[in-house]
Amino acid sequence: MKKPIIIANWKMNLSFQKTLDLTSQVKDDLSEIKDKDIIVCPSAVALSSVAGLIKNTNLKLGAQNVFWEENGAYTGETSPAVLQEIGCQYTIVGHSERRKYLGETNLMVNKKVNICLENNLTPILCIGETKDERHEGLTDNVLYHQLKECLDGVNIVDNEDIVIAYEPVWAIGSGDIAEPEEVARVFELIQQVLIDIYPLTVVKNNVRMVYGGSVDSDGAVGFSQLKLLDGFLVGGASLEINKFKEIVKSL
Ligand code: PGA
């Protein structure tokens, strides 16, 4: 396993005050941990306050989304350069909720991955099949195309990292966690696609693979033995400090 990474995706679930409270709890309980990367992803309005709270700790800040240009007339969008300026080191891109509700396409996600790397932000690239696609036996095909299109022309050099988050859409927020064996199989496939695109050293050193979708403290344990798993992207369970702590511990 590479350095484990556990990402808390708080989505749009918390008030501003509750975001600060939860950040303080994470800070109290987990900020001493050095051998794992723990990333908190609050909503955009709270990013800079959370950045202040976790400054000089081991915790890291991630955004839930980013725009594909650094500045300009893009009303309502968030600049990667500004994210970097306020202390973000990561950003989620291509989350299935954004694909579903905001029409994000692989082409948009591809531009976002590129601009992240140009701005020293590590993209957490989300891919995953829907329930229908799964039932039609299209999982591998969907993941292959998402990876190829989202990473088209994306050059990863020595000091750059990327995280691939396999999040089956049917597993997100449903309580229906994927089978570890299936995730292991999918990770092999993802690794193979990455090896087709990048030199082996890049795949080995610069890419981490995480699973997301109804990860909770019990479910996480079943994944801890997976050879290619480097961590988790956690939604619901990251809102409860005790559950989140257990998930961090499971790796
Ligand atoms: P969940 O969300 O853990 O609540 O399923 C995961 C995600 O959407 O990143």
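How are H5 and H7 oriented to each other? I opened the notebook with that one, keeping in mind that this is a predicted model.

**Entry: the helix pair**

I looked up helix H5 (residues 106-118) against helix H7 (residues 139-150) and found them packed at an angle of about 45°, with axes 8 Å apart. Angles from 65 to 115 degrees count as roughly perpendicular and those under 35 as roughly parallel; H5 and H7 are therefore oblique to each other. Next I wanted the residues behind the contact. On the H5 side I noted Asn106, Val109, Asn110 and Val113, and they meet His145, Gln146, Glu149 and Cys150 in H7. Sorted by class, this contact of H5 with H7 holds three nonpolar, four polar and one charged residues.

**Entry: the barrel**

Then I turned to the strands. I traced a closed barrel of eight strands with parallel pairing, in the order S1-S2-S3-S4-S5-S6-S7-S8. From one strand to the next, the twist averages 25°.

I followed the pairing along part of the barrel. Strand S1 (residues 5-9) and strand S2 (residues 37-41) run parallel and are joined by five bridges, and I found Asn9 opposite Cys41 in S2. S2 then pairs with S3 in the parallel sense over two bridges, where Ile39 has Lys60 of S3 as its bridge partner. Strand S3 (residues 60-63) pairs with S4, again in the parallel sense, over three bridges; here Leu61 has Cys88 in S4 as its partner. For S4 and strand S5 (residues 122-127) I counted four bridges, also parallel, and Tyr90 is partnered by Thr122 in S5.

How many residues of S2 are buried? I found that five of the five are, so S2 is largely enclosed by the rest of the structure.

I kept going with the handedness. S2, H2 and S3 make a right-handed β-α-β unit. S3, helix H3 (residues 80-86) and S4 make a right-handed unit as well.

Which strands does helix H2 lie across? I found H2 (residues 47-54) across S2, S3 and S4, running at about 170° to S3.

Key:
Residues are numbered from 1 along each chain as its sequence is written. This is a predicted model: local features need pLDDT of at least 70, side-chain atom pairs count only at pLDDT 80 or more; totals for chains, interfaces and linings use all residues. Side-chain values use heavy atoms; hydrogens and water are left out. Axes are lines fitted to C-alpha atoms, for helices over the stretch in contact, and angles run from 0 to 180 degrees between N-to-C directions. Angles under 35 degrees count as roughly parallel, over 145 as roughly antiparallel, 65 to 115 as roughly perpendicular and the rest as oblique. Contact means heavy atoms within 4.5 Å. Ala, Val, Leu, Ile, Met, Phe, Trp, Tyr, Cys and Pro count as nonpolar, Asp, Glu, Lys and Arg as charged, and the others, Gly among them, as polar. Two strands pair if DSSP finds at least two bridges between them. A crossover is right-handed if, with the strands pointing away from the viewer, the path from the first strand over the helix to the second runs clockwise. Buried means under 20% relative accessible area, exposed over 50%, partly exposed in between (1.4 Å probe, protein chains only).
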